[in-house]
Amino acid sequence: MEPSSSLPTDQTTPRRKILAVLGAVGIGAIISLTPLLAGLSFFLDPLLRRRAGFKGGDAEGFLAVTQLSDLPDDGTPLRFVLRANKIDAWNEFKDQSIGTVYLRKMPGNQIIAFNDTCPHLGCKVDYQEASRTFLCPCHASAFQLDGEPMNKIPPRKLDTLESKTDPDGKVWVKYQDFQCGVEKKGAVG
Amino acid sequence: MNGMLNWLDDRTGYKNLVHEALNEPIPGGAKWKYVWGSTLSFVFMVQVITGFFLWGAYSPSTLTAWESVYYIQNVMSYGWLVRGIHHFAAQAMMILLGLHFMQVIIAGAYKAPREVNFWLGLVLMQIVLGLSLTGYLLPWDQKGYYATKVATNIVGVTPMIGPQLQQLAQGGTSYGHHTLTRFFALHAGILPALMVGFLALHIYVFRRHGITVSKSDQAKPAGTFWPDQVLMDAVACLGVLATILFFTVWKGAELTGPADASEAYSAARPEWYFLFLFRFLKFEEVDKLGLVFGALYVPGAIMGVIALMPFIGKWKLGHGFNVAFTFALLAGATFLTAIALKEDGADKNYQAAVKAAEFEGHRAAELAKEFGIPPTGALSLLKEDPRIQGPKLFARHCSSCHRHNGHNGLEQIVMKEIEENGQKIQVEEPATAADLGEFGSREWITSLLTNYSQTFAPLKNAGENGEKFLTGEMAEWVKENSPTLLQPENADSLKGLVEFLAAQGGRRELQPFDPALIAAGREIFKGGKLAQGTLTSNCSDCHAMKPVDGTESLGDGAGPGYPTLTGYAGKQWLQDFVKNPAHESFYGADRNLMPPFEAKLSQKELTLLIDWMMGDYFRSNHVEAGGERKE
């Protein structure tokens, strides 16, 4: 088939024609890419901007959870709801649940805080009283009380969270979500 | 590579298609005047692209539409750019539509055998108008809300089926969630799909008959679509895109305050390209003939004539008529638009309303950024904001007597209608009570102490009882004492007295107060001794005063008619005063002129009004720096 660019017209010299083709292609690219690239940059907003998921807590981002005295001395984990002002795009919802954690009181009043999200694929693990283990209802990931995995399903141990106890005996936790499904523990966002 | 393309061509025949698309011959060669159709297709493509991305961030409901658009515009990366392009491209489309239409009429491209394509073009025009109308509502801001209400109300006067049509469009008897979901479905789904279909037909039929070439051009050598015409089209599209980007960067897409059905919007106007219709409907003669006539029959008749143009064009003078009709329409629309713009330009109160609407949009965005938007929507932020509600309450309840820096609180001059030589004209209504723009400030107190008759000058318009204030004891006291107070030696004494009084109200924007000046002022209030001379009588002889800092009471006052200065001009004082100025700790029943507002204002309204008067509301640094507050 005859390539279109070689079709002769009376007024067109080859040189002029090449310039016209280059011009049409070049300008065509600019005018189609401009709205497309603007739109794509806008679409990439979640990657271009860091946003907090909640507002509240102390200067370092710790949220008050409970009193040390409310935790059992034998290290049995208890689940707590963390409350703060939840930020969802334009909305700020006052005093909402922003996540749940398991707290254990260890000897010497040390606190272990677990994010109760399974590091496998993000379901919530449940503490099983009978076996004293954490079990995930989705794919049967199982963890010991110290968070170590008991089978090959989860890629890593349960994610621990930073915690602290203030002089009044109040326990604070710094809540974070972590990337699921990978061996290395890394905060989301 | 070639093999693969050949394989594809064998299965699809694409080469033939591309060849046909690009090598369409153009008798007489490529021309700039042929670009308008291509620019329209280009802008439509821009709208589809930007529209799809905006769709990914827009949320159609009365509690989230404005909010999500605010978020797109002010928070998300490049949101201002994508929304700006979409906003201004929509307006560019209206202009290009006009140019394309003119070109078709002038060239006679509507005549046989191109009638069907002309009608397809008219259908496309209606779809574009529909897209403009539906898109205008989606941000759910005051401007779009009230402009669209006019449109749906016009639909409502359609004979026979008006109310039913209107309710179908609105998704109910009034505006709500379903108005937005329906408009959005039309705007992003149904109308674009129709547009694509009709555009394909339009281009197909256009290709069938080819470009309409004028007689003078027919003699010239032929060209092809590719690359000559494509280059011209591309350059024209680039010009259009550059214009759109220019406006996006220079002006930006507007977002006025969130839609509020309970709040009159005095800046209501349609978008500029419908301004001529708006102005047309405002003519008294048109109004008398009824809305159906002006808003439906006349535009319908004009569209009817346009649709009949292919037939009209068959007569000898038909083409001339069509061209003349088109230019007459254009001239008429331009003329009406010019009148509308001129009238609005001369209308100070309209200008103030536009400014207020813009300010409300900025304010809502500023509050949303600072506090986050509650689940009840951004409107509730404005409803709780003294900066927005205070001026409105002032205008409604106070401005029939008072002014605020010369206006009614909303920057509008208070007008009244009078008859002069048998003609009704609007004149400024004189105030009958003090201008409260500076109320409670150091300037206000200084002026009151040294120039009482000026501060309360408007009371002379309040009749006999007003005069009583201007000749009363306080007026006399100021007359006697102001020369002493204004002596240069007494500058610090006056400052002290003013500081002491200003500190009683504790107004936030006056802080910090100077303790040394306050202490000096307290002594003068009680003892009347100035640096040079003494006051003829002490403040505490007449006025009650329990200083706000808890120091001992300076006096219990002389009873009704001698307002207490305990907490003067502070929140509690103002609230008590506004509730009942005739109370015995203020003017007393005998002298008071001001109506009590205890029953007229709710506690919430009172608090909003007073917080505004006291300047007690959230301020972001960049917006209200540099005395913006006085706007």
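Domain bounds, as I use them here, come from an automatic or database domain assignment. I note also that the model is predicted.

**Entry 1. Domains of chain B.** I looked up the assignment for chain B and found domain 1 at 32-257 and domain 2 at 442-593. I then took the separation of the two: the C-alpha centres of domain 1 and domain 2 of chain B lie 64 Å apart.

**Entry 2. Fold and extent of chain A.** I counted two helices and 11 strands in chain A. I next asked why chain A is described as more spread out than a compact globule. The globule rule gives 16 Å for 189 residues, and the radius of gyration of chain A is 28 Å, well over that value, so chain A is more spread out than a compact globule. Along its principal axes, the C-alpha trace of chain A spans about 95 × 40 × 25 Å.

**Entry 3. Burial and contacts within chain A.** I found that 24% of the 189 residues in chain A are buried. Of the contacts in chain A between residues at least 6 apart in sequence, 49% join residues at least 24 apart.

**Entry 4. Contact between chains A and B.** I recorded 32 residues from chain A and 42 residues from chain B in the contact. On the chain A side, the elements giving two or more residues are α1 (14-43), α2 (45-48) and β4 (91-106). The most comes from α1(A), with 17 residues. By residue class, I found 18 nonpolar, nine polar and five charged residues on the side of chain A that touches chain B.

Note on methods
Residues are numbered from 1 along each chain as its sequence is written. Chains are lettered from A and ligands numbered from 1 in the order in which they are written. This is a predicted model: local features need pLDDT of at least 70, side-chain atom pairs count only at pLDDT 80 or more; totals for chains, interfaces and linings use all residues. Two residues are in contact if their C-beta atoms, placed from the backbone, lie within 7 Å. Helices (H or I, at least four residues) and strands (E, at least two) are DSSP runs, numbered from the N terminus. Ala, Val, Leu, Ile, Met, Phe, Trp, Tyr, Cys and Pro count as nonpolar, Asp, Glu, Lys and Arg as charged, and the others, Gly among them, as polar. The radius of gyration is taken over C-alpha atoms; the globule rule is 2.2 Å times the number of residues to the power 0.38. A residue is buried if 20 or more other C-beta atoms lie within 10 Å of its own, exposed if 12 or fewer, and partly exposed in between; C-beta atoms are placed from the backbone.
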